[in-house]
Amino acid sequence: VGFVANPDAVKDLGRRLAGGAELLEQAEGISQQVQNHKVVLSAVETKEKKAVSALSAGQEAEARLHFDSAEYFYDAAVRAAQRSLQRDPTSDAAMEERLRGGVALGAFWYHRGHMDKAEKILKEAEVNSKSSALSLVLAEAERFEVLGNVYRDMGRYKEARRQYETAEHLLVRSETQDERIEATRALLLAEQAWLLNKQEKLTEADNAMTAALKALTAAHAGKDQEALATGRLGAIQHDEGFVAAAMTNYISALQTELAPGADGYSPDAFETLQNMAVGQRDLGKGTASISTIERAVNLQKQQLEAEQKVNEQVEDKALMASLARSYALGSELLRGSDKTKCAKGLRWAHEALSLQQQVDGDVLKMEQADILNTIGNVQSDLGRYNDAGNSYKASLSIHEKLEPNGNTATTASVYGNLGSLLHRQGRFQEAITMYEKSMKLQEAVLAPSNPDIAVTCNNLAVS
């Protein structure tokens, strides 16, 4: 109660406390004395760290005290800072408090996968300032950076690039020699490199992320940021086909991301584990890849279950979606094993679909189509051909709704899988039709030398 900056918030909290009347009087007195809202934000960040530590130690009751109120107090800080800004619209201090409060609240929702809410809060946090004060410039640059991350993860790449470039322009314009400026610019370079990777500009992404990693080290940005850039560099190298180099970077990143005593595990750690599992499979280490993805699943389940126990009202959609990816990937990795492991893979694929549907709500997303394709693959492996056919058709239905022109390699892959299923059933003419559809899409979107086209040609010839 001692750091609450909003009397209304205090009252609401007080009603839930035993002996509320006496505590309310004390809290209202304290809230009137609180002038510096940076204290509020600092306290909230401390609460979140303590909450995760308590979760890791299995102290759920203590975690609830910290975690339950974190978002609540972020919101209180934003409203308190807004009132300060209304009282003195030209105050640099009030503008900075409003900015930092909005960025903190926006980042809270971004990291939990609530992109629309994060976008709205971050846009509302904009202040009209012409000040060159370093702390204000850094706060505004951070707002643009987080908003850029939101747009990037929503697939709105042009808007993401615009936010990153605006942040970079702000920092360059400040003409201040300060380590914080250099660290922020290095972070921006890393985010822009990851945007290039999302756009499949792999060589540019590799060069940019390598430069970002060197800049982060030079600016002493911190081990967490260096680990994030290292893991992402590994992912880029993996996509380029440099699997051994990628594995080296994954291992290096995980040494920080999964270090003992860390305040919980970030989504980046889980993504690194997922990428490592794929790398191990690509290097022919099937047993190791399954062990790695099982480790990711177990860690994600533990963290999600703990979060749900202490904070049921804030769904961590980012963690749910990450767990869905782990389940789906594990399902694919278990293919080709004995029937018991294949059956486990099918259960995991259904778990993935259920989680993804919870995350997406009533909105169809391509992730659901991909998982349905995986379910079809496993059902086909188990000889459940009718079920597999229905899964492939359900996947294609989503593709057709989201990509009316159908010009994607993933759509081609589903057609090819359905063709293989029909071939197994001896329905050769229908299989030929599916292979022809797959071939048409592949020729439209893939390079002529792509081996997937050769596979489809072979399948078509056999049918």
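Student: What makes F108 count as buried?

Tutor: Buried means under 20% relative accessible area. F108 has 3% relative accessibility, so F108 counts as buried. The residue lies in helix α5, residues 92-110.

Student: Is C342 buried or exposed, and why?

Tutor: The value for C342 is 5%. The cut-off for buried is under 20%, so C342 counts as buried.

Student: Why is C457 called partly exposed?

Tutor: Partly exposed covers what falls between buried, under 20%, and exposed, over 50%. C457 has 39% relative accessibility, and therefore counts as partly exposed.

Student: Why are α17 and α18 called roughly antiparallel?

Tutor: The axes of α17 and helix α18 (residues 385-402) cross at roughly 160 degrees and come within 8 Å. Angles over 145 degrees count as roughly antiparallel, so α17 and α18 get that label. Residues making the contact include L372, I375 and G376 of α17, and A388, Y392 and I398 of α18. The crossing of α17 past α18 is left-handed.

Student: What makes α8 roughly antiparallel to α9?

Tutor: Helix α8 (residues 157-174) and helix α9 (residues 179-198) have axes that cross at roughly 160 degrees and come within 10 Å. The cut-off is again over 145 degrees, so α8 is roughly antiparallel to α9. Here too the crossing is left-handed. Among the residues that meet are Y164, L171 and V172 in α8, with I181, L188 and L195 in α9.

Student: Why give both an angle and a distance?

Tutor: Because two packed helices are described by the angle between their axes and the distance between the axes.

Student: Where in the chain is confidence lowest, and where is it highest?

Tutor: Confidence is lowest in helix α2 (residues 20-33), with a mean of 49, and highest in helix α17 (residues 366-381), at 94. For the chain, the average pLDDT is 82, and 79% of the residues score at least 70.

Student: How many contacts beyond four places in sequence does the model have for residues 29-37?

Tutor: The model has 14 such contacts, while pLDDT stays under 50 over residues 29-37. Where pLDDT is low, the predicted coordinates should not be read in detail.

Notes
Residues are numbered from 1 along each chain as its sequence is written. This is a predicted model: local features need pLDDT of at least 70, side-chain atom pairs count only at pLDDT 80 or more; totals for chains, interfaces and linings use all residues. Side-chain values use heavy atoms; hydrogens and water are left out. Buried means under 20% relative accessible area, exposed over 50%, partly exposed in between (1.4 Å probe, protein chains only). Helices (H or I, at least four residues) and strands (E, at least two) are DSSP runs, numbered from the N terminus. pLDDT is the predictor's confidence in each residue, from 0 to 100. Contact means heavy atoms within 4.5 Å. Axes are lines fitted to C-alpha atoms, for helices over the stretch in contact, and angles run from 0 to 180 degrees between N-to-C directions. Angles under 35 degrees count as roughly parallel, over 145 as roughly antiparallel, 65 to 115 as roughly perpendicular and the rest as oblique. A crossing is left-handed if the near helix is turned anticlockwise from the far one by less than a right angle, and right-handed if clockwise.
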